[in-house]
Amino acid sequence: MVLLQVKVVSNILEANEAHAGVNRQRFKNNRVFVLNLMSSPGSGKTSILERTIDHIKGLLRIGVIEGDIYTAKDAERIGEKGVPVVQINTKGACHLDANMIACALAELPLDQLDLLVIENIGNLVCPAEFDLGEDIKAMVLSVTEGNDKPLKYPLMFREAKALLVNKMDLISFTDFDLDLMEKDIRGINPDGKIFLMSAKTGEGFEAWCRWLYHQVQAKKEKSSVTASG
Amino acid sequence: MHELALIQGVLESVAKTAQENSMTKISRIRLVVGKMTAALPASLEFCFNALDKSSLFAEACLEIEEVDIKGECAKCGNRFIISEFQFFCPACKHKNISIIAGRELFIDFFEGE
């Protein structure tokens with residue numbers, strides 16, 4: 001037998017990226033803005049989402065995809081807010097991928113939404129490589145985790161358009177150094193928007209929700225220009 | 001351990017191309033992995049060895065070429081290796097850097113008969 005060398009040069013994530021491209025087109029057709037919300041476990045993603053829904057439910061039609069390894073606990077909490085929610089259980093997998101999102105979309109009234117939030121699995125490593133078709137990624141970092149996380153997990157923090165620094169009500173009980181965190185973030189991600197907030201007290205939600213609302217509106221305006229032009 | 005999902009993708013892709021080329025035995029697979037990906041070479045190797053593979057891959061070995069993160073300064077055009085994930089130009093300290101290498105994650109080639 002002859003030894004053959006076959007040049008491949010194909011992206012390992014090709015299948016995921018193809019699914020993500022299809023998702024992105026569906027979001028565009030339905031003029032839905034999609035936020036991929038990521039963080040470590042216990043940083044407060046679901047609490048932030050609950051309060052965000054309370055803040056902008058009157059202005060935007062919101063839907064949620066909840067990623068969780070085994071339970072539906074987060075989806076139950078979001079469901080109580082009266083917005084459409086789909087639970088994805090990855091049964092052990094540490095990240096969501098674009099195909100899981102495609103399956104979940106079948107259960108959402110996409111044409112009746114302005115904003116879709118995907119709450120990713122709590123993990124600072126694995127979700128970074130998997131494009132879901134989202135418009136932006138946002139990272140939550142809670143002050144109880146310590147200010148060294150951006151430097152320890154730079155890939156996720158570099159790609160986030162917004163960084164939500166949560167549990168600000170607890171900062172005096174920690175040695176979290178806000179100035180150092182901001183300096184570290186600027187070294188990794190010079191343009192990321194930083195919001196200091198507390199999902200417990202509501203601090204900082206006005207600014208975050210206003211920014212998010214403008215992002216959603218900007219996509220709508222852009223897609224109507226494209227549609228009419 | 002998303003590396004397991006990545007390796008499964010590699011095996012599926014190689015198996016498909018091998019079939020197209022009427023190959024029955026793979027001896028070597030070479031991946032190119034940038035340092036600015038969330039794929040750790042040691043974990044990829046671990047997953048590759050741990051997976052129960054078909055006879056096509058029974059004698060296959062995995063090689064991984066790592067690629068440094070390289071940036072290009074938007075202001076002065078300087079090209080440089082980024083270490084410690086510090087994204088600023090060492091020449092002019094400008095922070096607007098485009099990544100020109102380090103995000104690779106692909107199958108370069110495989111060998112077999």
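Reply: Strand β1 (residues 26-34) of chain B pairs with β2(B) in the parallel sense, over 7 bridges. Strands here are DSSP runs of E with at least two residues, helices are runs of H or I with at least four, and both are numbered from the N terminus. Two strands pair if DSSP finds at least two bridges between them. The model is predicted: local features need pLDDT of at least 70, side-chain atom pairs count only at pLDDT 80 or more, and totals for chains, interfaces and linings use all residues. Residues are numbered from 1 along each chain as its sequence is written, while chains are lettered from A and ligands numbered from 1 in the order in which they are written.

Helix α2 (residues 41-50) of chain B lies across both strands. Its angle to β2(B) is about 165 degrees. Such angles run from 0 to 180 degrees between N-to-C directions, with axes as lines fitted to C-alpha atoms, for helices over the stretch in contact.

Now widen the view. The open sheet has 4 strands, in the order β1(A)-β6(B)-β1(B)-β2(B), and its pairing is mixed. β1 (4-11) of chain A and β2 (61-67) of chain B stand at the edges. Each has a single partner strand, so one side of each is left without a neighbour in the sheet. The twist averages 15 degrees from one strand to the next.

Where do the chains join in this sheet? β1(A) pairs with strand β6 (residues 105-112) of chain B. That pairing is antiparallel, over 6 bridges. Ser10(A) has Ile107(B) as its bridge partner in β6(B).

Val9(A) is also found in strand β1 of chain A. Its phi is near 45 degrees, a positive value in a residue other than glycine. Most residues other than glycine have a negative phi. Val9(A) is exposed, with 9 other C-beta atoms within 10 Å. The scale: buried means 20 or more other C-beta atoms within 10 Å of the residue's own, exposed means 12 or fewer, and partly exposed is in between, with C-beta atoms placed from the backbone.

In contact are 25 residues of chain A and 28 residues of chain B. A contact means that C-beta atoms, placed from the backbone, lie within 7 Å. On the chain A side, β1, α6 (154-159) and α7 (178-188) each supply at least two residues. β1(A) gives the most, with 8 residues. By class, this side has 18 nonpolar, 5 polar and 2 charged residues. Nonpolar covers Ala, Val, Leu, Ile, Met, Phe, Trp, Tyr, Cys and Pro; charged covers Asp, Glu, Lys and Arg; the others, Gly among them, are polar.

Strand β6 (residues 136-142) of chain A runs parallel to β7(A), joined by 5 bridges. Leu141(A) stands opposite Val165(A) in β7(A). Strand β7 (residues 162-166) of chain A also pairs with strand β8 (residues 193-196) of chain A, in the parallel sense over 4 bridges. There Val165(A) faces Leu196(A) of β8(A) as its opposite residue. The chain crosses from β7(A) through α7(A) to β8(A), a right-handed β-α-β crossover. Right-handed means that, with the strands pointing away from the viewer, the path from the first strand over the helix to the second runs clockwise. In β7(A), 4 of the 5 residues are buried, so this strand is largely enclosed by the rest of the structure.

How values were computed: Contact = placed C-beta atoms within 7 Å.
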